[in-house]
Amino acid sequence: MSLDVLSLKIEFGGGLELLFSNQRSHNVTIPSKVRRDDSTSLLPLEDGIETKPADITYLIHHLRDHLLKERSELFIENKTVRPGILVLVNDTDWELEGEGDYALRNGDEIVFISTLHGG
């Protein structure tokens, strides 16, 4: 595996999988360094472009732009996951890991679970 990309396992539950091709599990490869503005453009990073290590905030944008099939408002709100979505990083609540600022590492497993149920 090249050092300039990260391989991640992404899981969706609680109904979120319906927004992602009705598929619970995805293997995703993302760049290890990304644009500071979280743009998911696939254009190469140019000199002078501010970068940062890939973090969960970038991953959320990447999932929205490249995997989400419908109704982005049910997944993302104000540049993060909408309220009611539990995020786990390697089986740990992301609040204990720095939330969106958590710097992703190769092999991480990120789980998104909707805790909202209509009725």
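These legends go with a set of close-up views of a predicted model. Local features need pLDDT of at least 70, side-chain atom pairs count only at pLDDT 80 or more, and totals for chains, interfaces and linings use all residues. Residues are numbered from 1 along each chain as its sequence is written, and side-chain values use heavy atoms, with hydrogens and water left out.

View 1. The C-alpha atoms fill a box of roughly 50 × 25 × 25 Å along the principal axes. The radius of gyration is 14 Å, which agrees with the value near 14 Å for a compact globule of 119 residues; it is taken over C-alpha atoms, and the globule rule is 2.2 Å times the number of residues to the power 0.38. Of the 119 residues, 39% count as buried, meaning under 20% relative accessible area with a 1.4 Å probe and protein chains only.

**View 2. Helix H1 covers residues 56–66 and is mostly covered itself.** Eight of its 11 residues are buried, among them Ile56, Tyr58, Leu59 and Leu63.

**View 3. His62 sits in helix H1.** Buried or exposed, and what is the relative accessible area of His62? His62 is buried, at 9%. Not counting residues up to four places away in sequence, His62 touches Val28, Thr29, Ile30, Thr40 and Leu67; a contact here means heavy atoms within 4.5 Å. Thr92, 30 residues from His62 in sequence, is 21 Å away C-alpha to C-alpha.

**View 4. His26 belongs to strand S2, residues 25–31.** His26 is buried too, with a relative accessible area of 7%. A polar atom of the His26 side chain lies 3.1 Å from the backbone oxygen of Gln23. Setting aside neighbours within four places in sequence, the contacts of His26 are Leu8, Lys9, Ile10, Phe12, Phe20 and Leu67.

Note on methods: Buried < 20%, exposed > 50% of the residue type's maximum accessible area, 1.4 Å probe, protein only. Helix = DSSP H or I, 4+ residues; strand = E, 2+ residues; numbered from the N terminus. Polar contact = N/O pair within 3.5 Å; in protein donor to acceptor, adjacent residues only side chain to side chain.
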